[in-house]
Amino acid sequence: MTALRLVQRMKRDWMHTGRRPSGLCGAALLVAARLHDFCRTIKEIVNVVKVCETTLRKRLTEFEDTPTSQLTIEEFMKVDLDQECDPPCFTAGLKKKKSQQVLCSFTQKTRHIRYNKHSYFSVTHQTSWVI
């Protein structure tokens with residue numbers, strides 16, 4: 001029942017879009033097993049759902065970024081969150097865009113510092129000849 005609720009929540013959070021169901025089911029099985037103290041390894045789940053370990057880890061990472069992953073077991077079983085998350089590809093695009101903006105801002109600042117440094121040295125060289 002827990003794995004089923006997890007898959008429903010993953011669908012509500014757009015994690016199913018463009019993904020094969022076996023990856024979502026594997027992530028839901030692993031999380032549900034660990035919530036109920038069943039010691040299942042990732043390799044065991046991979047053998048059952050027939051997906052690559054990397055795929056399973058990606059689905060777990062995507063799930064980690066959702067509000068559902070922050071709930072306790074009791075809250076997860078009782079509370080049904082109404083809000084939806086953005087699709088993982090959309091949030092990844094936003095993160096990439098933001099990092100590019102930060103990098104662009106940083107390079108502009110370093111160019112400005114380099115320009116001021118060169119102009120400072122040229123002025124000091126000129127004044128040293130005058131003295």
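Figure 1. Serine 22 touches Val49 and Val51 when residues up to four places away in sequence are not counted. The model shown here, as in every figure below, is predicted. Serine 22 has its place in helix H2, which covers residues 21–35. Between serine 22 and valine 51 lie 29 positions of sequence separation, yet their C-alpha atoms are 6.8 Å apart in space. Is serine 22 buried, partly exposed or exposed? With a relative accessible area of 23%, serine 22 is partly exposed, because buried requires a value under 20%.

Figure 2. Threonine 2 is found in helix H1, made up of residues 2–12. Its relative accessibility is 6%, and threonine 2 therefore counts as buried, the limit being under 20%. Which residues are in contact with threonine 2, leaving aside its neighbours within four places in sequence? They are Ala32, Leu35, His36, Phe76 and Met77.

**Figure 3. The polar contact of threonine 2 with histidine 36.** The side chain of threonine 2 and the side chain of histidine 36 make a polar contact at 2.6 Å.

**Figure 4. Cysteine 39 and cysteine 52.** Cysteine 39 has a relative accessible area of 72% and is exposed, because that value is over 50%. Cysteine 52, at 46% relative accessibility, counts as partly exposed, since this value lies between the limits of 20% and 50%. How many disulfides are counted in the model? The count comes to 0.

**Figure 5. The chain as a whole, as a setting for the close-up views.** The chain contains 6 helices and 0 strands. Read from the N terminus on, its elements follow the order α-α-α-α-α-α. Helix H1, with threonine 2, and helix H2, with serine 22, are shown in the views above. Of the 131 residues in the chain, 24% are buried; threonine 2 is one of the residues that count as buried. Among contacts with a separation of 6 or more, 61% are accounted for by residues 24 or more positions apart. The accessible surface of the chain amounts to about 9900 Å², and carbon and sulfur atoms hold 60% of this surface.

Key. Residues numbered from 1 in each chain as written. Predicted model: local features only at pLDDT ≥ 70, side-chain atom pairs only at ≥ 80, totals over all residues. Heavy atoms only, no water. Helix = DSSP H or I, 4+ residues; strand = E, 2+ residues; numbered from the N terminus. Buried < 20%, exposed > 50% of the residue type's maximum accessible area, 1.4 Å probe, protein only. Contact = heavy atoms within 4.5 Å. Areas by Shrake-Rupley, 256 points an atom, 1.4 Å probe, with all protein chains shown as cover. Polar contact = N/O pair within 3.5 Å; in protein donor to acceptor, adjacent residues only side chain to side chain. Disulfide = S-S within 2.5 Å.
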